Amino acid sequence: MKTLFAAAALIAAAPAAAGTVSIGNSLAMDCYEAAVGRDYDRNALGHCDLALRQEGLTVQDRAATLNNRGVLHLRGRNFRAAGRDFDAAAETFSGNAEVWLNKAISDLRRGAGMETMPLIQRSLALNTQRPALAYYSRSLAYERGGDLRSAYNDLVRARDLAPEWKAPAEDLQQFRLIRR
């Protein structure tokens, strides 16, 4: 099985990351499909749990399944469980960019700001499949840290990377540019 992972959406309209899908069916695949499906589903959490206990997953697939379960917890607003899964996924395989982005998103949802920057930077350095979501998340961190110029620049970048995603363009409307 190839590695499957999803990126949590910062807001409901945010795109979810897709992974490489393998042929065949498994509990890990069910977990992945639920994570990218954007719905909170207790049955899917059970599939994730069973996949982690019963399937012979590679290190990367185990990390991806932990990440996907974390996404489901995040959607269910169980930030503590989501954080535990993202931490376990990062410890299992630190090369999964989506894990770092999801850790940052989870922290941002709990009110964090600039302290999420290393997580977002690591996600970008590892070539996240959703760079627009990473830049959007980073813009929120910058805004919370008082760096409005950087927040604006990252929103522009997010909008340019994913023009079909409305959130960055809508958030840009909250800014007013003043020439000096």
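Reader: What makes the largest nonpolar core a core, and which of its residues touch the most other members?

Author: In this predicted model, the largest nonpolar core has 35 residues, and L74, Y136 and W165 touch the most other members. The name nonpolar core applies because its members are buried residues of the nonpolar kinds listed for a core, joined through side-chain atoms within 4.5 Å. Another core, of six residues, lies apart from it; among its residues are A34, A44, C48 and L72.

Reader: Why is A28 called buried?

Author: Buried means under 20% relative accessible area. A28 has 2% relative accessibility, so A28 counts as buried. The residue sits in helix α1, which covers residues 27–36. A28 and L50 are 22 residues apart along the chain, and their C-alpha atoms are separated by 8.3 Å.

Reader: How much of the chain is buried?

Author: Of the 180 residues in the chain, 51% are buried.

Reader: What elements make up the chain?

Author: There are nine helices and zero strands.

Reader: Why are α5 and α6 called roughly antiparallel?

Author: Helix α5 (residues 97–109) packs against helix α6 (residues 117–125) at an angle of about 155°. Angles over 145 degrees count as roughly antiparallel, so α5 is roughly antiparallel to α6. The axes of these two helices are 8 Å apart, and α5 passes α6 in a left-handed crossing.

Reader: Which residues of α5 and α6 meet?

Author: From α5 come A97, W100, L101, K103, A104 and D107, and they meet L119, I120, R122 and S123 in α6. By class, this contact of α5 with α6 has six nonpolar, one polar and three charged residues.

Reader: How do you know that α4 and α5 are antiparallel or parallel?

Author: The angle decides again. Helix α4 (residues 79–92) and α5 pack at about 155°, with axes 9 Å apart. The cut-off for roughly antiparallel is over 145 degrees, and therefore α4 and α5 are roughly antiparallel to each other. The crossing of α4 past α5 is left-handed.

Reader: Which residues make the contact of α4 with α5, and what are their classes?

Author: On the α4 side they are F79, A82, G83, F86, D87, A89 and A90, and on the α5 side V99, W100, N102, K103, S106 and R109. They divide into seven nonpolar, three polar and three charged.

Reader: What is the value of phi at R77, and is R77 exposed or buried?

Author: Phi of R77 is near 65°, a positive value in a residue other than glycine. Most residues other than glycine have a negative phi. R77 lies in the loop between α3 (59–75) and α4. Exposed means over 50% relative accessible area; R77 has 59%, so R77 is exposed.

Reader: Why is N127 called exposed?

Author: N127 has a relative accessible area of 63%, which is why N127 counts as exposed, the cut-off being over 50%. The residue lies in the loop between α6 and α7 (131–144). Phi of N127 is near 65°, a positive value in a residue other than glycine.

Reader: How many of the contacts between residues at least 6 apart in sequence join residues at least 24 apart?

Author: In this chain, 60% of them do.

Definitions and conventions. Residues are numbered from 1 along each chain as its sequence is written. This is a predicted model: local features need pLDDT of at least 70, side-chain atom pairs count only at pLDDT 80 or more; totals for chains, interfaces and linings use all residues. Side-chain values use heavy atoms; hydrogens and water are left out. Buried means under 20% relative accessible area, exposed over 50%, partly exposed in between (1.4 Å probe, protein chains only). Helices (H or I, at least four residues) and strands (E, at least two) are DSSP runs, numbered from the N terminus. Axes are lines fitted to C-alpha atoms, for helices over the stretch in contact, and angles run from 0 to 180 degrees between N-to-C directions. Angles under 35 degrees count as roughly parallel, over 145 as roughly antiparallel, 65 to 115 as roughly perpendicular and the rest as oblique. A crossing is left-handed if the near helix is turned anticlockwise from the far one by less than a right angle, and right-handed if clockwise. Contact means heavy atoms within 4.5 Å. Ala, Val, Leu, Ile, Met, Phe, Trp, Tyr, Cys and Pro count as nonpolar, Asp, Glu, Lys and Arg as charged, and the others, Gly among them, as polar.
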